[in-house]
Amino acid sequence: MVSTTTNTEISLMAHLMRRAGFGASRNELEERRGKGYEETVEELLNPSNQTPVDIYEFLRYYPMWWKPGTMGGLGQAPWVWTMINTESPLQEKLCIFYHNIFATGVAKVDHYDEIQDMIDMFREKGLGHYKDILLEVAKSPAMIYWLDNNENHADSINENWGRELLELFTMGVGNYTEEDVQECSRAFTGWTLEHKLPRFHMGRWDWEFKFVEDDHDYGQKEFLGHKGNFDGEEVIDIILSKPATAAFIARHLYNFFVEDEPQVPAWSVVPPNNPGAVEFLAKELMDSDYHMETVLRKLFNSDFFKEAQFSRVKNPTEVVVSTLRLVGDSSLPGPDILDWTGQIVYMGQDLLNPPSVEGWHSGIEWINSGTLMKRTNFMSEMISDYSRPGVKSIIDQVSRSASKPEEVVNACLDVMGPLEIAEKTHSELLEHVSSQGDFDWQSSGVTRTLELLQLIVATREYQFA
Amino acid sequence: MSEPTSKDPVIVVVQLSGGNDYMNTVVPHSNSLYRDYRPSVNISESDVIELTSDIGFHPAMAPLADMYKEGNVAVIHGVGYENSPRSHFRSMDIWHTCEPETLGTEGWLGRAIKQIDPNKENVVTAVSMGPSLYRALVAPDVPVATVENLDNYGLLTDISPEQKRDRVLDRYKKMYSPMIGSGPVMEFLGQTGLDAMKGADILNVAPSMYSSTVEYADTSIAKKLKGIAQIHLANLGTRIFYCDLGSFDTHADQLSTHNKLWSSASTAIRDFFDDLEQHDAADNVTMFLFSEFGRRVYDNGAGTDHGAGGVCLAIGKNVKGGEYGQYPSMKEGDLDQGDLVPDLDFRSVYTTLAEDWMRLDPVPIVGGNFEKPKFMATSN
């Protein structure tokens with residue numbers, strides 16, 4: 001691999017911002033380097049110090065999106081706009097992280113509002129204790145309907161929620177028995193939602209969590225080796241006391257923030273890429289009572305994180321949002337926002353409408369010939385738009401330090417990352433620029449550099465974060 | 001109906017997104033209940049294009065009525081599945097995946113592609129005309145070309161002039177060629193990039209090879225069907241085409257919206273088949289139209305709300321024209337929550353298409369054994 005920089009501090013800061021956020025311009029990276037790495041981690045972990053995005057600014061332009069309800073698609077546009085404009089990118093990254101675990105979609109819920117409420121909850125509580133998030137999710141009407149807990153009755157249980165709670169949200173296959181699934185489901189009987197009113201052409205009314213005492217099974221349960229008249233919250237406490245749960249959440253964290261792993265269904269049979277790192281995160285989860293802020297602080301400051309640069313394929317949201325943040329001038333909620341939201345969908349990630357309760361498969365599974373074409377075309381079009389301030393700034397920085405083809409290639413790779421690319425890719429880029437003769441900023445320099453930037457975002461290497 | 005062709009069978013799926021109103025598409029004009037239920041949103045007796053003493057088409061469907069009379073349109077009644085959720089997303093998912101009980105991730109046509117081209121020999125075996133891939137076409141390791149606009153399809157299409165784009169694409173190809181020792185992920189990316197280029201190269205020849213006296217209208221469905229005709233006529237080996245038209249979600253202002261949609265669809269479908277006919281290429285093409293559900297029996301004053309049972313149409317020279325199944329009973333007591341009850345499972349209809357038309361094993365495609373309505377000439 002060719003690295004165009006020896007500046008490890010900047011590389012590391014860029015890595016942190018790609019993973020804990022949606023990337024950053026070189027100017028922002030320089031500014032953050034002045035503050036220091038650990039200080040930047042602290043800033044990311046304390047979103048309350050930043051000015052929150054004013055969603056009403058978006059809604060002034062798009063009033064129909066206040067409660068998108070049964071809208072036929074793109075109800076996630078306000079969230080995408082929030083990601084483009086936030087000063088607290090880790091908060092939004094965590095929303096995606098949790099949305100991918102507690103994957104709930106309009107495909108069944110048929111109402112954007114309740115799923116958007118879940119995202120808002122992730123934004124508010126995502127850095128807190130995992131238990132609080134689990135409890136909120138268990139009481140989320142969207143989740144209750146998505147996993148049929150409204151059909152889970154004292155006299156006839158429905159296991160859907162009880163099973164997924166254990167299989168996908170906490171422990172993983174192989175750590176509980178079928179009896180545990182049933183006992184767990186019994187504990188959540190009566191956790192339902194307010195009856196929905198008949199549909200009419202304006203959609204329907206909001207749902208609310210409702211506990212129906214008469215429909216709750218108060219009897220004794222035997223769950224994961226414990227006996228008692230457990231309710232849902234007590235079951236969650238028992239689940240969280242098990243090391244398997246910490247190991248499972250640790251693996252989710254590792255897969256999302258550190259390095260592409262095999263997908264969830266393989267976890268019961270395929271060991272982690274880096275067992276030591278997952279064990280470390282699991283221990284931190286147990287020791288901190290699953291306090292996510294504490295664990296993420298350890299994660300971002302760990303060596304295994306710092307050494308994992310460019311080992312994840314960017315998800316479609318990262319592709320679109322980080323490109324828009326890089327090129328700039330995308331804060332106004334203009335007509336483009338719906339197209340940008342659509343681009344994420346075309347690249348395979350219809351936010352608020354995951355393909356199943358298992359969420360999106362990530363890593364290389366994001367890539368097929370159609371999605372790769374969409375990614376490449378979107379990034380290429382944006383990065384060559386010289387009217388955008390971020391693009392202009394990249395060209396200015398390159399032109400200050402480079403005047404020969406090789407210098408231009410290396411400066412672009414540096415300002416765009418710094419990126420690491422294969423020897424062969426590097427020689428192709430160099431050949432591309434050199435073959436068009438000497439470089440002259442007075443004549444074709446800018447155009448040629450824009451063409452080079454288009455090729456850089458089209459490389460295989462640029463698909464990685 | 002004509003002699004069976006020796007060419008490979010091709011299917012064109014047209015998805016009517018949003019829930020097409022069955023009762024105003026195939027109007028039960030002699031049933032007095034129809035006018036009782038639909039005081040505001042009805043097709044007047046004089047406007048209905050009568051096909052039989054019981055049913056008639058919406059007036060905007062005149063071109064399809066002609067094709068029906070020529071014996072090339074099958075009207076498949078009362079199609080759906082039990083316990084309709086009346087949700088667009090969920091219902092469309094069910095039609096796409098054939099999984100009414102659980103959430104499926106694989107599409108029925110994705111599984112069909114796998115049978116047609118198990119070794120991925122042709123990257124354009126299936127072409128989806130639209131900005132993103134319909135779930136019906138999704139299956140692991142199955143390439144599908146998603147074409148938004150055939151005239152502007154490919155990698156890095158924003159780069160102009162042509163000479164510059166060629167230069168960049170040439171470099172792209174070199175950057176994506178195999179790199180020894182780069183690892184499986186980089187290799188997969190490289191192969192996928194080259195596949196994308198190859199698919200675009202193949203499809204890009206279609207418009208330039210095409211000439212026709214048929215002038216398609218300037219509507220979205222006409223553009224999509226014209227693109228499909230261009231690809232089909234270029235003989236690129238594409239066997240499955242997919243496109244959609246919408247929105248049929250006519251809660252309000254139904255009469256005007258529904259009229260516009262069917263008018264554009266019918267005209268485009270007639271032009272499409274005329275175009276193929278002119279090039280002697282219609283004999284191996286069957287078109288299939290469906291919607292995720294029909295609409296409520298009672299109108300709401302200006303439109304109709306989400307319903308259950310719907311109607312499917314199969315069109316082409318290999319279709320045995322006529323009616324299949326029964327129009328669901330409209331008697332008050334026979335309705336389910338005010339909706340027509342489907343009595344033909346959509347997977348039965350898919351089975352006919354997969355087995356009798358595409359000559360595939362339908363069981364893994366639709367996920368079970370279903371009795372077939374015999375609407376294809378090759379059905380027996």
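Two residues are in contact if their C-beta atoms, placed from the backbone, lie within 7 Å. By this rule, the contact between the two chains takes 48 residues from chain B and 37 residues from chain A. This is a predicted model, in which local features need pLDDT of at least 70 and side-chain atom pairs count only at pLDDT 80 or more, while totals for chains, interfaces and linings use all residues. Residues are numbered from 1 along each chain as its sequence is written, and chains are lettered from A and ligands numbered from 1 in the order in which they are written.

**The side of chain B that touches chain A**

Helices (H or I, at least four residues) and strands (E, at least two) are DSSP runs, numbered from the N terminus. On the side of chain B that touches chain A, the elements giving two or more residues are helix 4 (88-97), strand 7 (145-147), helix 6 (162-176) and helix 7 (184-209) of chain B. Helix 7 of chain B gives the most, with ten residues. By class, this side has 22 nonpolar, 17 polar and nine charged residues. Here Ala, Val, Leu, Ile, Met, Phe, Trp, Tyr, Cys and Pro count as nonpolar, Asp, Glu, Lys and Arg as charged, and the others, Gly among them, as polar.

Tyr172(B) lies in helix 6 of chain B. Tyr172(B) is buried, with 23 other C-beta atoms within 10 Å; a residue is buried if 20 or more other C-beta atoms lie within 10 Å of its own, exposed if 12 or fewer, and partly exposed in between, with C-beta atoms placed from the backbone. Not counting residues up to four places away in sequence, Tyr172(B) touches Ala458(A) and Leu155(B). Met61(B) is 111 residues from Tyr172(B) in sequence and 47 Å from Tyr172(B) in space, C-alpha to C-alpha.

**Chain B as a whole**

Chain B has eleven helices and twelve strands. Its radius of gyration is 22 Å, close to the 21 Å that the globule rule gives for 380 residues, so chain B is as compact as a globular protein of that length. The radius of gyration is taken over C-alpha atoms, and the globule rule is 2.2 Å times the number of residues to the power 0.38. The C-alpha trace of chain B spans about 70 × 45 × 40 Å along its principal axes. Of the 380 residues in chain B, 55% are buried. Among contacts in chain B with a separation of 6 or more, 71% are between residues 24 or more positions apart.

**Strands of chain B**

Two strands pair if DSSP finds at least two bridges between them. The table lists some of these pairs.

| Strands of chain B | Sense | Bridges |
|---|---|---|
| strand 1 (10-16) and strand 9 (285-291) | parallel | seven bridges |
| strand 1 and strand 8 (240-245) | parallel | six bridges |
| strand 5 (73-80) and strand 10 | antiparallel | five bridges |
| strand 9 and strand 10 | antiparallel | three bridges |
| strand 3 and strand 4 (56-57) | antiparallel | two bridges |

Seven of the seven residues of strand 1 of chain B are buried, so this strand is largely enclosed by the rest of the structure. In a regular strand the side chains alternate between the two faces of the sheet. Both faces of strand 1 of chain B are covered, with Val10(B), Val12(B), Val14(B) and Leu16(B) buried on one side and Ile11(B), Val13(B) and Gln15(B) buried on the other. Val10(B) stands opposite Val285(B) in strand 9 of chain B, and Gln15(B) stands opposite Asp244(B) in strand 8 of chain B.

Strand 10 (310-315) of chain B is mostly covered, as six of its six residues are buried. In this strand, Ile315(B) is the bridge partner of Val73(B), and Met287(B) also stands opposite Ile315(B).

A further open sheet of chain B has three strands in the order 2-4-3, with antiparallel pairing. Its edge strands are strand 2 (26-27) and strand 3 (49-50), each of which pairs on one side only.

A nonpolar core is a set of buried Ala, Val, Leu, Ile, Met, Phe, Trp, Tyr and Cys residues joined through C-beta atoms within 7 Å. The largest one has 257 residues, of which Cys412(A) and Ile76(B) touch the most other members. Helix 14 of chain A gives the most to this core, with ten residues.

Helix 14 (243-258) of chain A is also among the elements that cover the buried residues of helix 1 of chain A. Those buried residues include Met13(A), Leu16(A) and Met17(A).
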